[in-house]
Amino acid sequence: MKPLLSGVFLGFSLLVSVQAFYSPSDDVVELNPSNFNREVIQSDNLWLIEFYAPWCGHCQRLTPDWKKAATALKGIVKVGAVDADQHKSLGGQYGISGFPTIKIFGGNKNKPEQYQGGRTSQAIVEAAMSALRELVKDRLGGKSGSSGYSKPSGGGSEKDVVELTDDNFDKMVLQSDDVWLVEFFAPWCGHCKNLEPEWAAAASAVKEQTKGKVRLGAVDATVHQAVSSRYGIRGFPTIKIFRKGEEPEDYQGGRSRRDIIEKALDLFSDNAPAPELLEILNEDVLKKTCEDSQLCIIGILPHILDTGASGRNSYLDVMAKLADKYKKKMWGWLWAEAGSQMDLEASLGIGGFGYPAMAAINLRKMKFALLKGSFSETGIHEFLRELSVGRGSTATLGGGVLPKIHSVEAWDGKDGQLPEEEDYDLSDVELDDDFDKKIEL
């Protein structure tokens with residue numbers, strides 16, 4: 001194992017390069033929270049926007065083709081890029097969970113389309129021109145290219161803001177497994193009118209990004225007074241958060257679409273399942289889990305003969321609890337049996353002793369940090385918390401090269417068994433006289 005980096009303590013926040021991919025001389029427009037609304041949302045132009053992270057290898061490989069496409073489309077279609085690792089709020093607003101993600105902002109800027117095509121400049125240009133033709137066709141047909149809409153007579157968008165009433169509130173909201181943000185408004189309220197386009201835009205984005213698991217609704221409190229009085233509505237607009245089986249809570253955030261979307265995505269993450277804890281069975285499992293995650297948490301657990309099934313499950317339970325606690329980080333979580341991945345253990349400097357052990361790995365940068373405390377909920381939480389705030393120390397993984405990952409059989413969930421010894425039948429073996437004499441002696 002190589003020594004720690006010259007005594008310099010580098011947090012994992014420093015493992016990720018912060019250098020921008022694009023410069024002012026490129027035809028790619030660098031976008032951020034300060035200029036995004038002005039450049040994109042309020043624009044009549046068609047935009048192709050890449051959401052990237054500097055540490056992402058796929059993003060690095062896309063960069064030259066993205067620049068080439070931007071030059072080819074100059075003056076025809078706008079091509080932009082957002083460093084979603086730096087501008088997390090902007091990435092979160094559009095549900096960015098992997099890199100690179102490309103979205104097409106066409107006629108309705110509140111509902112960008114996911115780009116699913118190839119990553120070559122030719123494929124990108126063709127997709128842009130196809131989207132442009134559709135936009136022109138819609139405009140010829142009288143469809144507006146506006147990014148917003150008004151909700152009629154104070155109600156919500158028929159499609160995305162759910163109109164709630166005294167009659168449907170309990171069934172739609174209280175009996176639902178989904179999380180709800182509900183606006184109580186009055187048609188004459190000026191602040192409510194200001195909130196309308198923001199609420200509607202947020203509803204469209206949240207519906208898409210949470211697959212309908214977080215929903216936005218609206219109640220005209222001047223009409224549906226029974227449900228409004230039940231929750232003590234006195235001022236307008238009042239926004240409340242409803243989760244099944246819990247008392248509603250007041251929304252305390254900002255009133256912009258970005259603030260509303262950010263809160264909705266936080267609520268979605270709180271209710272989302274924890275990431276899956278996978279056994280390292282082959283190289284594909286490790287790569288698939290770690291390559292698109294900033295960090296991978298890997299536990300090396302004692303051999304099954306040393307712990308039995310109950311002991312191993314207790315270690316896996318600890319890891320599962322921490323995976324749930326840190327699920328918003330979107331890290332990968334893996335484990336392996338001691339001795340099954342010796343090359344990986346050697347590259348981490350933990351081979352042959354000290355089980356259970358744990359490492360946090362940035363596979364993109366081939367850096368890692370080792371758990372120095374106890375393999376317990378408290379010890380691992382402290383380890384991950386230190387990394388999260390940039391106080392962990394790191395080293396280079398295996399000389400900067402991915403160690404060999406061996407293909408192994410999956411654990412069957414049972415106690416281990418020692419291999420059976422073979423019985424040998426010696427009845428037909430004849431011994432010579434010399435051997436018999438030696439036995440008598």
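**Close-up views of the predicted model**

**View 1. Lys88, with a relative accessibility of 56%, counts as exposed.** The model shown in this and the following views is predicted. The Lys88 side chain meets that of Asp85 in a salt bridge, with an N to O distance of 3.9 Å. Asp85 is buried, its relative accessible area being 14%. A search of the whole structure finds 16 salt bridges.

**View 2. A salt bridge joins the side chains of Asp27 and Lys74, 3.5 Å from N to O.** The two residues are 47 apart and link distant parts of the chain: Asp27 belongs to the segment before strand E1 (29-31), and Lys74 to the loop between helix H2 (57-72) and strand E3 (78-83). Asp27 is partly exposed at 27% relative accessibility, whereas Lys74 is exposed at 58%.

**View 3. Asp170 and Arg230 form a salt bridge whose closest N and O atoms are 2.9 Å apart.** Because Asp170 lies in helix H5 (residues 169-174) and Arg230 in helix H7 (residues 225-230), the pair ties together parts separated by 60 residues in sequence. Asp170 has a relative accessibility of 30% and counts as partly exposed. Arg230 is partly exposed as well, at 44%.

**View 4. Strand E9 (residues 238-242) is largely enclosed by the rest of the structure, because 5 of its 5 residues are buried.** Strand E7 (residues 179-185) runs antiparallel to E9 and is joined to E9 by 5 bridges. Within this pairing, Val182 stands opposite Lys240.

**View 5. Strands E9 and E10 form a hairpin with 6 residues between them.** The two strands pair in the antiparallel sense over 2 bridges, E10 covering residues 249-250. Glu249 in E10 is the bridge partner of Ile241. In the turn, Gly245 has a positive phi of about 80 degrees. Glu249 also belongs to a network of salt bridges that links Arg243, Glu246 and Glu249.

**View 6. Cys290 and Cys296 form a disulfide, with their sulfur atoms 2.1 Å apart.** The torsion about the S-S bond is about -95 degrees, so the disulfide is left-handed. Cys290 is buried at 3% relative accessibility, and Cys296 is buried at 0%. A search of the whole structure finds 1 disulfide.

**View 7. Cys56 and Cys59 are buried cysteines.** The relative accessibility is 1% for Cys56 and 0% for Cys59.

Terms used. Residues are numbered from 1 along each chain as its sequence is written. This is a predicted model: local features need pLDDT of at least 70, side-chain atom pairs count only at pLDDT 80 or more; totals for chains, interfaces and linings use all residues. Side-chain values use heavy atoms; hydrogens and water are left out. Buried means under 20% relative accessible area, exposed over 50%, partly exposed in between (1.4 Å probe, protein chains only). Helices (H or I, at least four residues) and strands (E, at least two) are DSSP runs, numbered from the N terminus. Two strands pair if DSSP finds at least two bridges between them. A disulfide is a pair of cysteine sulfur atoms within 2.5 Å. A salt bridge is a side-chain nitrogen of Lys or Arg within 4 Å of a carboxyl oxygen of Asp or Glu.
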